[in-house]
Amino acid sequence: MNGYSWVSVISIFCYLFLLVAFISAKKPKNVIRTFIAMLAIMILWNGGSLGMRLQLWPSVNFWHHVSLLGMFMVTVGYFHFVLDFLDDRRNHGRTFWLFFYIGLFVFNCFTNLFIPLPEVVTEGGKTQFLYHYTDNIYLLFIPILITLTQLTAIIWRHCRGNRIAFQQLRPIITGLFIMLLGHTLATLPFFVGFPADMLSGAVNAFFLFYAMYKKKLFHMSILLSKYNCATIAVFVTLALFANFAAPLELFLIDQLGFGSVAAMAIIAICSVGLVVILYLGIRHLFNAIFARTEQQLQALVEQFHEEITHMLSVEDILLILSDTLQKAADFDRLLILTKEPDGEYHISHTIRQLEERSFVFRPDHPLVTHFKTHSEGLALRDFERTTAYRSMWEKEKSQLSNLHIEYIVPLKSDNELVGVIIMAGKQNKPAAHPGNIWFFQAIAESSAVAIRNASTYEQAIQEAQRDDLTGLTNYKFFFEVLDREFESIKDSALSLCLINIDDFKLYNQMYGSQEGDMILRHIARILTGSINGSCHAARINGDEFALILPGYDVYSAKLLAENIASQIEEVVNTISVDGPRKLSVSIGICSAPYMASSAKELYRNADMTVYNVKRSGKNAVQIYSSEMFPRKSAAPPHKSGYNENASTIYALSAAIDAKDHYTSQHSQNVAHYAAALAQAADMEDDIVEIVREAGLLHDIGKIGIREDILNKPGKLTADEYEAIKKHVENAVSIIRYLPSLDYVIPAVLSHHERFDGTGYPNGLAGDAIPITGRILSIADAFDAMTSIRNYKDAMSSKDALQVLHQEAGRQFDPELVRIFIELVESGKVELRCQTPQQTTIFGWH
Amino acid sequence: MRFQEKLHQYSKEELWEEYCGFLTLTSEEFMNIQKRLLMEQIELWSASELGQSILKGKYPRTLEEFREMVPLTTYEDYAPVLLAKQRKSLPADPVLWVQTTWEGGVHPIKTAPYTKGMLDTFKHNVISCLILTTSRAKGEFDISVTDHMLYALAPLPFVTGLLPLLLEDEIDFEFLPSAKEAVSMGFKERNSLGFKLGMKKGIEYLFGLGSVLYYVSQSLTSMQSEKKSLRERIFGKPLKMIIRYLIAKKKCKKENREILPKDLFHLKGFMFAGTDNRCYKADLEKMWGVPPMELFAGTEPTCIGCETWNREGVYFFPDACFYEFIPEDELDKNMADPSYQPKTILWDQVVPGGIYEIVLTVLKGGAFARYRVGDVFRCTGIGSQLDGNNIPRFQYIDRVPSVIDIAGFTRITEKSINQAIQLSRLPIAAWTVKKEFNEDYRPYMHLYVELQRSNLVNSAISIRILQEQLGIYFRYLDQDYEDLKKILGIDPLKITMLKCGTFEMYEQKYGTTIRKMNPESCEISDLLSCHRVDNAKREGVFNEWI
């Protein structure tokens, strides 16, 4: 090898290195393909030159032409590369130039017109190649200049007014100038023998490589493949043995006395050994230089995986996840959102204490939708370019942009999106870059599984300990907590408040269980909002709550209970759009160690106190006292509720009678017909009695309705009708205060419901209407029709029965109508005579 | 990042996916975008004073409730708020207001607010149009920063004036002349300068109303036919244009025809919008050598759709407006009984061949909800093998029958015609009008009139007088009508005078009065057959021909 052969060797080595790296790229873009072609051209050029200098077989001239082929094609290769780099798919004469330069090369092969064959000169054992250029060589520059001018024009068009495009092309333009310079220098006498053109080609190749790297057309990791390491190892070994194989062979034969075959075998083994050692060494070196960070990140992934494997707390996992991520990158903002039971994604962890927590992804958020089908993280700027982004709301867009979100990683486990990591780097320092994206992905995959498991576990625990409706501690877990707290009071106090809602069943019947549930949720919110972190709120029964208050003495527990009672009253009063509601609570308090020596006793005493409040008129807060409950108390004999309150009922009836002249007698008639119908329908005696009593009381609510409406001679207006409809709820509100008669409430409450569901107050239909209400409804209608009102005459019983028959299945229970008609027609029920004062319209009240 | 920077940052595939990915959405994906954005709009619109002025205290929460609670609206529902530009009453703060003619002669203008979100979407969709107009196949397009666009549309405050501003935001195109210069120029001056600049710099894109482009292209052809010396023609022109001119001249001489724009300019993209485009499409393609791409845009809805490289029909953008369609039978019912609320169907319920009036809810804080913009479309098909999708595409037919729009310039209604007749004091007893097309497939307004019998003795009235008098008042009432004459040199009014009693005879014969605006062609021939009946023979009275 002469003095300048190293230029070719180094150039070829570099080209091979890049070629192997890029050939192994998956799904290469056009520009990569053209770059590979460029490298191949360069290898031809340099390889030919090297073969020539080494005077390899078959001849110097052969290698000269190989080198020339590369040299002629480099311009057209460059042309193609730039067009692909610019993503310009127009032809611009690509094919023409390709064939033109091939033609030029073939022409030169036969004529040696532009570049003659070199003269091989050997001086002092040194071989030199002298090219006797003529001016014809400048003819070659003409098409090259035309091609490059066209290329410059294309580049100019692309870059004009576009700074970014120019910056991207700058390395290519620089490389082009270097290559032109190299070619020019090679023709000057001063550089005779020095391959300036080849050197400039190699430099240019690296500029092209750099331009592609800057445009992110590939990742640097492509260079670190094992194929590349093997290429380098083989190449270095070849280079070494090309120079040292002969002296080594001589040394083995002459000095060590090996035979020539043995010497060759040793050299072969050595060369193979050297390749392996070099390969391993190079890989180690590359890893040490380029992959150190990668290894560190890998170690972090392993450590993270180990730490979270057995964790069952989502909060703890998120904390470790956040710490681990922060070890790998600097974040300005790091938000971890996790999926809530309602499908929304809320912030569960953030590195900023004062972060705005209202950031929520709804289940139909385009990012959530995107991650349902994609598992890889993505930069926000890439997401902004997707079609899914087009369905983003403006406020969602500004939310992401205000937070300067940079990169989003999904937390997916078994195709379920359990959460999302949202990150933003510090100014001018992106958190996510090609070097650590894989790390985020790996961490996300590990944590998604852990979060899912932990959240399933927490959910199971939650379900076991929490009340579904209110989210408070449930009955079962309440005792566990009470025992635990009782055990730990030591020198302090522990109070227990039992809060029972008065007449809650009745409230549900009047306003529906949906509103009842809403009340329970409101009360739960009041309770949780009124206690501190060491206290516990529980729902221990359908209508009963409990507060376990560690550190509370009797006085403070009483103050708290009173405060809660007033809050509940206030909330209930304002909760309904239909108007104010009334609801009270009875609260019993017991405190340890003052009044109980065990958790069981504490509960029993509080329970008894509540019972006592109920007995003594409800709606009060009482503290347990042993005097409240004498050991032997004689239970009072049971009395009929009606008899007990008969005087009250008569007083109320008299009051209604005074207001509505038709109602008093009407109630008795309804009671009579209803009891007869219940009996005919084979009902138990006590039901018959309930129906009778309900008949007497069903219109008791009219006491709260204006007299002028009740006695209005003409048709009622819509507002007046609405006022009249209130009598049902009014009746129930009155009966509430007669606890021994509350069994009639279902009948009274439902006597204006219609069988087809269009009645009031609750719009119940069919069998959902209590049977006592259905009976009352028929009796009420029949008496109303057969009565005289001030604007209508009484209907005959026959006509009234006809109306009942017509309305069977619509307004009335058809089976009960059938029984009632039979009852009347057979004369089994005595028809009450109607006084002139008693009648109402068909839409009876 | 501007589109110009993206051109160098991303591959063509990536850019195509970003801007034209909507073409390959499934129906379900398209509707998901529509419905999701509508939910945002329902929230904004219902909470605004403007929304509440229509909703009257109701608050829809779902698509179904929205369609149930919001009646179909017209500009009259919004006029009090929008004409007074009451920003605080709107669903979102507007960035700018654009305007257009509301109803020729009756209401001078209508204004529409544009929010930032609407402008961003508009911009994105305009870039999609730009890409698609240069595309010759899926994923193939050719846009360069150095391109020039000749733009034959009105400047701001008309919505068309927004397009150069939006494009300038994204790419350093050169508009011929620049948007700034164009604002202060008249129509003819603008086009003339545009072509002069085009001759120097080249024209890569052409965009305008179909009718205007046709007129402009014809002017260019006639400019080339003017007698000028070669020196005059090539003076100051770049070498490229001189070569093109010389080649074109030689070629045209050989083919014995005049120089057409296609001989001098090689368009990359050719877009047109407006009414009656189909009348000019073939001629424009002949003149420019490139089939123009139709796009749908308007003052109220922004840019809502465009054709692809196949020119098979227009595809709607999923994020500009929420689309509803009134089927033809419902539209007929509504025309027969204006109090009838026609039923609408959604975008994914249209059927190929169906004719629909479009109903729009402008998304991203727009003011209009369930708005009858007054355009009628035909669904030309669902799914295209060539475009590789499965979504409906449409063809613009015309305005709704109650409005006559000639070449995208006028909006003449029954009210405006009555007003013109009233002002002209012409003794017109009855009339009906229909938009018709001449043998060159150019639109005109055909007014069939019957004069008052009592005035015939005292007044000199001929078709020419009627045409001139009515023309004067149409021009007086409607600037756009005047522009038709001034800009395009079109007189769109043709009058047929019917003998006295024709309308009465029609009513007697068919038991109904003929519709005043755009009756069916068969109804017009029935009317003409009444006109042709020999009254003397029929009734034994004097035949009153005018």
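This is a predicted model: local features need pLDDT of at least 70, side-chain atom pairs count only at pLDDT 80 or more; totals for chains, interfaces and linings use all residues.
View 1. Strand β8 of chain B, residues 302-306, pairs with β9(B) in the antiparallel sense, and two bridges join them.

**View 2. The open sheet of chain B.** Seven strands make up this sheet, ordered β4-β3-β5-β6-β7-β8-β9, with mixed pairing. At the edges are β4 (174-176) and β9 (315-316) of chain B, each of which pairs on one side only. Helix α10 of chain B (residues 187-201) lies across β3 (148-152) and β4 of that chain, and runs at about 165° to β3(B).

**View 3. The largest nonpolar core and the surroundings of B:Ile131.** This core comprises 109 residues, and B:Ile131, B:Leu213, B:Leu295 and B:Leu360 have the most contacts inside it. Helix α3 of chain B (residues 27-47) gives the most to the core, contributing nine residues. Apart from neighbours within four places in sequence, B:Ile131 is in contact with B:Trp16, B:Tyr19, B:Cys20, B:Phe141 and B:Ile143.

**View 4. The contact between chain A and chain B.** Here 18 residues of chain A are in contact with 26 residues of chain B. On the side of chain A that touches chain B, helix α6 of chain A (residues 163-186) gives the most, with three residues. By class, that side of chain A has ten charged, five polar and three nonpolar residues.

Conventions: Residues are numbered from 1 along each chain as its sequence is written. Chains are lettered from A and ligands numbered from 1 in the order in which they are written. Two residues are in contact if their C-beta atoms, placed from the backbone, lie within 7 Å. Helices (H or I, at least four residues) and strands (E, at least two) are DSSP runs, numbered from the N terminus. Ala, Val, Leu, Ile, Met, Phe, Trp, Tyr, Cys and Pro count as nonpolar, Asp, Glu, Lys and Arg as charged, and the others, Gly among them, as polar. Two strands pair if DSSP finds at least two bridges between them. Axes are lines fitted to C-alpha atoms, for helices over the stretch in contact, and angles run from 0 to 180 degrees between N-to-C directions. A nonpolar core is a set of buried Ala, Val, Leu, Ile, Met, Phe, Trp, Tyr and Cys residues joined through C-beta atoms within 7 Å. A residue is buried if 20 or more other C-beta atoms lie within 10 Å of its own, exposed if 12 or fewer, and partly exposed in between; C-beta atoms are placed from the backbone.
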